[in-house]
Amino acid sequence: MKIIKDSVHDHISVDGVARDLVDTPAVQRLRRIAQLGTVSLVYPSANHTRFEHSLGVYHIACEALDHLGVEGKQADRVQAAAMLHDVGHGPFSHNLESLTYRRTGRYHDDVHTLLADGEVGDVLREHDIDPNAVADLVAGDGRFGQLVSGELDVDRMDYLVRDAHHTGVPYGTIDHGRLIRELVFVDDELVLDEGNVQSAESLLVARALMNPTVYSHSVARISKAMLRRASERLLESPETNVDAATLQRMDDYDLIVALRSCESTQEFTRRYDQRDLFKRAVWAEIDDVPGGVIEAEHREIREFEQDIAARADIDPSNVILDVPSRPSMTESSSRVMVNGDIRRLEQQSPLVEALRAAQYSQWRLGVYSPPELQEQVGHAAVDVLGLDIDGALVSEVRDGVDTTLDQFAE
């Protein structure tokens, strides 16, 4: 058994298959992948890694398995899945996943090949565990897959508390001990037992508050968008031999070195190193953006950027269009027991609709550019994208002062 001191859960006991997995290269690589990607540019203390998060998820999974009375080989499989659930992440965590997915067709939780090969596969087989069964759990399949990846999963229970702890933002604080104690299986469905609507709501509220404050903070979004653009140029550059599969297996340091070594991405790394980021030229609400822009595919977004740059008469490398997906709230489908019936949280809680409305109001389309080009890029973006001048919002046009587009266009 190995005892590891953790900043969130105090002492974590790592035993059995998890003890052997900790020292595999695939798990140790997670020490070099930031849990929150570029968010440390906003919150300097947010330097925690996927490694410590994986330890936390394993710890909570052990507590949940004890509560549910799960032992033996099934417990071993779930513990292994908890420890390995993030080994498929590329550098800077989720930030580049859309980029690599377009080229490989794989998301971070598609780990069947990763778990079957190398030392991880050897460790699992030494413990008489089928790597494919563990990979299925990581993907959220089956009865116990819900515990690893679902609406009430141990992943969410750790990252909300951990991210809040390391950013210093209090909104992610949840009573994960209560959540674990109230988990039950009903007809192979993982639910919260009677009297726990508020416990389910706590997950929902924590995620809803952490999103605009941390995960979608404007500076975090700008830096993520710049990183994606630079990484895309890296993949397209004839001077490198980096393909999407190679990029997926890099860690944060590998990627930064590759970006520094490529002529077409050196300006990005200078800006990243010096925190000399692009600024918001447009920051538009969802009701002011045409549906064709919101639903645009990657190729169309690149065409919009080209058109904005042409209208502004500047180099296209100075324009980034950042279009988030439409608001969603998967946690609202969490199941709770109410008067002996299994109900979705959204059917039971009046908070869900209020939080959905808040999420809708917080959605923003961003157009980013160097500070000295904000005004001309903003004007060009309004015209090219067909934004509603009366309602869309432009921020930081002058030292962080917000103004409506009709004022901006005067």
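**Second pocket**

I started with the second largest pocket, where helix H15 (252-261) and helix H16 (266-274) each supply at least two residues of the lining. Helices here are DSSP runs of H or I with at least four residues, strands are runs of E with at least two, and both are numbered from the N terminus. H15 gives the largest share of this lining, four residues.

Housekeeping before I go on: this is a predicted model, so to speak only of what counts, local features need pLDDT of at least 70, side-chain atom pairs need pLDDT 80 or more, and totals for chains, interfaces and linings use all residues. Numbering runs from 1 along each chain as its sequence is written, and side-chain values use heavy atoms, with hydrogens and water left out.

(Nonpolar is Ala, Val, Leu, Ile, Met, Phe, Trp, Tyr, Cys and Pro; charged is Asp, Glu, Lys and Arg; the others, Gly among them, are polar.)

My pocket rule, on a 1 Å grid over the protein atoms alone: an open set of points with protein on both sides within 12 Å along at least five of seven lines; a cavity is a set where a 1.4 Å probe fits but cannot get out, and lining residues have an atom within 4 Å of a point. Points join across faces, edges and corners, and a volume is the space filled by probe spheres set on them.

**Cavity**

I found one cavity of 30 Å³ or more. The largest cavity comes to about 90 Å³. Helix H5 (97-104) and helix H14 (244-248) each supply at least two of its lining residues. That lining includes His-89, Glu-97, Arg-106 and Gln-248, and by class it has three nonpolar, seven polar and two charged residues.

**Rings**

A search of the whole structure gave me six aromatic pairs (Phe, Tyr or Trp six-membered ring centres within 6.5 Å; planes under 30 degrees apart are stacked, over 60 edge-to-face, the rest tilted). Tyr-159 and Tyr-215 pair edge-to-face, at 6.3 Å centre to centre and 80° between the planes. Tyr-159 is in helix H10 (residues 154-167) and Tyr-215 in helix H12 (residues 197-215), so this pair ties together parts 56 residues apart in sequence. Phe-92, Phe-268 and Tyr-272 are linked into a cluster by ring pairs.
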